[in-house]
Amino acid sequence: MGIELKNVYKKFGDFKALDDVSLKVDDGELLALLGPSGSGKTTLLRVVAGLDFFDEGQVLFSGRDAQNQKARERGVGFVFQHYALFRHMTVFDNIAFGLNVQPRKTRPSRQEIRAKVMELLKLVQLEWLAERYPWQLSGGQRQRIALARALAVRPKVLLLDEPFGSLDAQVRKELRAWLRRFHDEFHITTIFVTHDQEEALEVADRIVVMNKGRIEQAGTPEDVYHNPVNAFVLSFLGNVNFFHCRLEEGKAVIGNTTLEVPGLSVDKPQPAKLYVRPNQFKVSRVFSKAAFKAVVEYVNPAGTIVKINLKTESGERIYVEITQEELKQLKIRKQEKVYVSLKDVSYSEYVKDNS
Amino acid sequence: MSARTEPRIVRYFLISIALAFFGLFIVLPLICVFHNAFAKGWVFYLKTLEQPDALAAMKMTLIAAAVAVPLNLIFGVAASWAIAKFEFKGKGLLLSLIDLPLSVSPVIAGLIFILLFGAQGFLGPWLIAHNIRIIFAMPGIILATIFVTFPMVARELIPVMKSQGNEEEEAAITLGASGWKTFWMISVPNIRWGILYGIILCNARAMGEFGAVSVVSGHIRGLTNTLPLHVEILYNEYQSAAAFATASVLALLAIITLIAKSAVEATIRQGQRQ
């Protein structure tokens, strides 16, 4: 089912939780709502579910206004951040709940419910937990049971609030991959909320970056990562170095250093803010005029990439990432001098010249 | 083991103060009640309790509790549900109103009903004209009991419900459950121990209430006496053994309440460990 939000506003007192939010979610899409806490992403999810009311605007389900549709009529599967499993019921009864509360006319028979629950338990690979209670499960198991419970009523939309937020790293990775596979198999329209950019980039078809109740950018992971529309999106999607500079044709002047910026063209020299990802630097031992002279403060080669902290002559700190191969060639160590130039920049924005 | 830094003498001193206090103010009176109750033997004890007036007082106490407890249960669940799960204007006022009976002296509470329903009271003439008796009759006793036991259930449930939050109810609703089904299948089971605990406390207070009931009852023997009032009457008539025999019934009730309370508390603790 496709979902559309048109100019939705929502306030809690003076706090704008949603500020003119318009968003279209296509049928069968896996969408990530990404943003810092308080950015309105959970509120957006709850508005879609019908758990929160909005002040102005319109929410459409398959093109039809959902205003008068109650939460229980929306056919929405909601998985809560802390799972919200029914603590006094077994895993089996938790999953069967949505079927058991259906009106007698549409309710499946006991055998059908049993079969359905076992099928879902199999889907989440936890058949052997049917008679346990929620408190007897681990976090990852609870999460999967919560998913199975939401799926039991054959939702047309699946909404996940920070689905992997309170799990440890290993389990989180597994469940992430599982969600992606699950979505590829069943194609249920899915929106999940996360503050973890890596999670969003890895799992989602499309990412919606939110900040202060507004949508900053919506696009494919590739798109938002490589073509951020503003500094907020840029810095939220991974580490970034920031410089005050003066942009000239093909060059960026930072302090006393003039760095070459390949492919940069400007109408006239202007002061600007320059944003550079850690992997957009070139580190060299060979002197170059178009490079920062810097001292290596810290090298961390543990991982697939090598993380390096540098301090330039003028005292600016730069965080750089290079490959293991590059490290092998450079053989740099703490306290050594290196030259840092730019391969590329992520994003630059002009600032008004105050001088 | 937890670190013990106090010298032995300080520990023993503090423990003995606590034990002495406990013995003097709780154990000794309790023994005294039962000792005096049986001062004239088993036969007298049973005879006292078989007196028509005593039986009538017991009946009145049971009726008052039987009406007040269920009503306050319904009210308590509704009020705590509203207070714990929703935000609305006047919530603070409602909370203070629920607590009001705890801060008002029971005698004043009784007087309020006299002022409202008594012969010279606000509604008195109308009630007399329609031949409805509230004061010095069973309705008055029940009303006074309801008033003083009003906060007992709600006070127990509000913290329980607040700590549980709304998520389970919201989950039930998104799964297609109606409000009614959500209430009975999710909310009530989650607060069932809190409810039981509230009922026990409410019942204990309802049966033991003296002040407010004393004002509205009129002390008509065999008609408007509850157990606590009956004890007072017997004692004032120097029938000390009979008074203590009757009092022992209330003491026994208190002990049973305590046992039930700790049993429920133990179960709740077990549930929390899970």
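Modeller: Before we start on this predicted model, one cut-off: two strands count as paired when DSSP finds at least two bridges between them.

Colleague: Okay, so what makes strand 9 and strand 10 of chain A a pair?

Modeller: Five bridges join strand 9 (residues 206-211) to strand 10 (residues 214-219) of chain A. The cut-off is at least two bridges, so five bridges make them a pair. They run antiparallel, and A:Ile207 stands opposite A:Gly219 in strand 10 of chain A.

Colleague: How many residues lie between strand 9 and strand 10 of chain A in the hairpin?

Modeller: Two residues lie between them, and A:Lys212 in the turn has a positive phi of about 50°.

Colleague: How do you know that strand 1 and strand 4 of chain A pair?

Modeller: Same test. Strand 1 (residues 3-12) and strand 4 (residues 56-61) of chain A share five bridges in the antiparallel sense, against a cut-off of at least two, so they pair. A:Glu4 stands opposite A:Leu60 in strand 4 of chain A.

Colleague: Which strands of chain A stand at the edges of that sheet, and why?

Modeller: The open, antiparallel sheet has four strands of chain A in the order 2-1-4-5. Strand 2 (15-25) and strand 5 (64-65) of chain A each have a single partner strand, so one side of each lacks a neighbour in the sheet. Helix 1 (residues 41-49) of chain A lies across strand 1, strand 2 and strand 4 of chain A, at about 60° to strand 2 of chain A.

Colleague: And the order of the five strands in the other open sheet of chain A, what is that?

Modeller: 15-19-16-17-18, with antiparallel pairing. Strand 15 (281-284) and strand 18 (317-323) of chain A are at the edges, because each has a single partner strand. The twist averages 45° from one strand to the next. Within this sheet, strand 16 (residues 292-300) and strand 19 (residues 337-342) of chain A pair over four bridges, and the bridge partner of A:Val295 is A:Lys337.

Colleague: How many residues of chain A are in contact with chain B?

Modeller: 19 residues of chain A, touching 16 residues of chain B; contact here means C-beta atoms within 7 Å. Strand 6 of chain A gives the most to that side of chain A, with three residues. By class, that side has twelve nonpolar, five polar and two charged residues.

Colleague: What ipTM does the predictor give the complex?

Modeller: An ipTM of 0.82, with a pTM of 0.78. The mean pLDDT of chain B is 85, and 97% of its residues reach 70 or more.

Note on methods:
Residues are numbered from 1 along each chain as its sequence is written. Chains are lettered from A and ligands numbered from 1 in the order in which they are written. This is a predicted model: local features need pLDDT of at least 70, side-chain atom pairs count only at pLDDT 80 or more; totals for chains, interfaces and linings use all residues. Axes are lines fitted to C-alpha atoms, for helices over the stretch in contact, and angles run from 0 to 180 degrees between N-to-C directions. Two residues are in contact if their C-beta atoms, placed from the backbone, lie within 7 Å. Ala, Val, Leu, Ile, Met, Phe, Trp, Tyr, Cys and Pro count as nonpolar, Asp, Glu, Lys and Arg as charged, and the others, Gly among them, as polar. pLDDT is the predictor's confidence in each residue, from 0 to 100.
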